[in-house]
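Please read it alongside the sequence and the coordinates.

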Amino acid sequence: MLVNTKAGQPTMLDHKVIARVLDAVPRVYSYNQIAGLCRIEPSTLRKWLYRGKKDHLENKESIFAEFFLAFFQKKAECAEELLTDMRSDKDNFKSTSFLLERAYKKDFGATNDDQRKFYDLIASKMAKAGVQLDDYDTFMEDADLLQGEEYDVRKEA
């Protein structure tokens with residue numbers, strides 16, 4: 001059994017919550033809607049995933065790492081199902097490709113130039129502040145998890 005040894009308020013993340021989240025993934029796809037169905041804040045969902053990714057990369061066994069791996073496995077299974085449907089049902093090609101482009105933007109969607117500009121702005125500010133970015137791609141993935149679905153760079157400029 002995984003035990004939370006960190007000081008502070010205990011996490012709400014447990015195996016029941018993980019099961020609810022994994023059940024919601026194929027029904028609604030988006031982080032905000034998954035969180036809504038599970039009655040948690042979207043920012044909480046993203047923080048759990050971010051912490052899980054961090055723990056996983058550090059080879060720490062935690063409920064967060066377990067959740068991170070299970071969540072992205074479920075998302076991959078959903079993408080595989082959509083691709084199978086797309087290949088077998090030509091009548092629904094447009095609607096299925098629309099879902100893939102929106103739910104899996106990094107893999108099937110067009111690059112969002114405004115979002116890229118926003119991340120570049122953050123990276124340059126961090127560099128000026130002396131924060132070292134070892135891996136730009138990892139930074140981009142982490143920014144996606146923490147920042148959310150979309151961001152308007154014009155608010156920052």
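Among contacts in the protein chain between residues at least 6 apart in sequence, what percentage join residues at least 24 apart? The share is 57%, taken over contacts between residues at least 6 apart in the protein chain, where a contact means heavy atoms within 4.5 Å.

## Basis of the model

This is a predicted model, in which local features need a pLDDT of at least 70 and side-chain atom pairs count only at pLDDT 80 or more, whereas totals for chains, interfaces and linings use all residues. Residues are numbered from 1 along each chain as its sequence is written, and side-chain values use heavy atoms, with hydrogens and water left out.

The pLDDT, which is the predictor's confidence in each residue on a scale from 0 to 100, averages 78 over the protein chain, and 72% of the residues score at least 70. Over residues 149–157 the pLDDT is below 50, and this stretch has 15 contacts in the model beyond near neighbours in sequence.

## Overall architecture

The protein chain has 8 helices and 0 strands, where helices (H or I, at least four residues) and strands (E, at least two) are DSSP runs numbered from the N terminus. Read along the sequence, the pattern is α-α-α-α-α-α-α-α.

Of the 157 residues, 31% count as buried; buried means under 20% relative accessible area, exposed over 50%, and partly exposed in between (1.4 Å probe, protein chains only). The accessible surface of the protein chain comes to about 10700 Å², of which 51% belongs to carbon and sulfur atoms, with areas taken from the Shrake-Rupley method with a 1.4 Å probe and, for residues, only the protein chains shown counting as cover.

Helix H4, spanning residues 63–88, has 26 residues and reaches 37 Å from its first C-alpha to its last, close to the 38 Å expected at 1.5 Å a residue; the expected span is 1.5 Å times one less than the number of residues. Its buried residues include Ile-63, Phe-67, Phe-71, Lys-75, Cys-78 and Leu-82, and the buried residues of H4 pack against helices H1 (15–28), H2 (31–37), H3 (42–57), H5 (93–103) and H6 (105–108).

Helix H3 has 16 residues and reaches 23 Å between its first and last C-alpha, close to the expected 22 Å. H3 is followed by Asn-59, whose phi is positive, near 55°.

## Aromatic cluster

A search of the whole structure finds 5 aromatic pairs, defined for rings of Phe, Tyr and Trp (its six-membered ring) whose centres lie within 6.5 Å, with planes under 30 degrees apart counted as stacked, over 60 as edge-to-face and the rest as tilted. The rings of Phe-71 and Phe-72 have their centres 5.2 Å apart and their planes at 80°, so this pair is edge-to-face. Phe-71 is buried, with a relative accessible area of 0%, whereas Phe-72 is partly exposed, at 30%. Ring pairs link Tyr-31, Trp-48, Phe-67, Phe-68, Phe-71 and Phe-72 into a cluster.

The structure holds 0 disulfides, a disulfide being a pair of cysteine sulfur atoms within 2.5 Å.

Arg-39 lies in the loop between H2 and H3 and is exposed, with a relative accessible area of 77%. Arg-39 and Val-21 are 18 residues apart in sequence and 9.7 Å apart in space, C-alpha to C-alpha.
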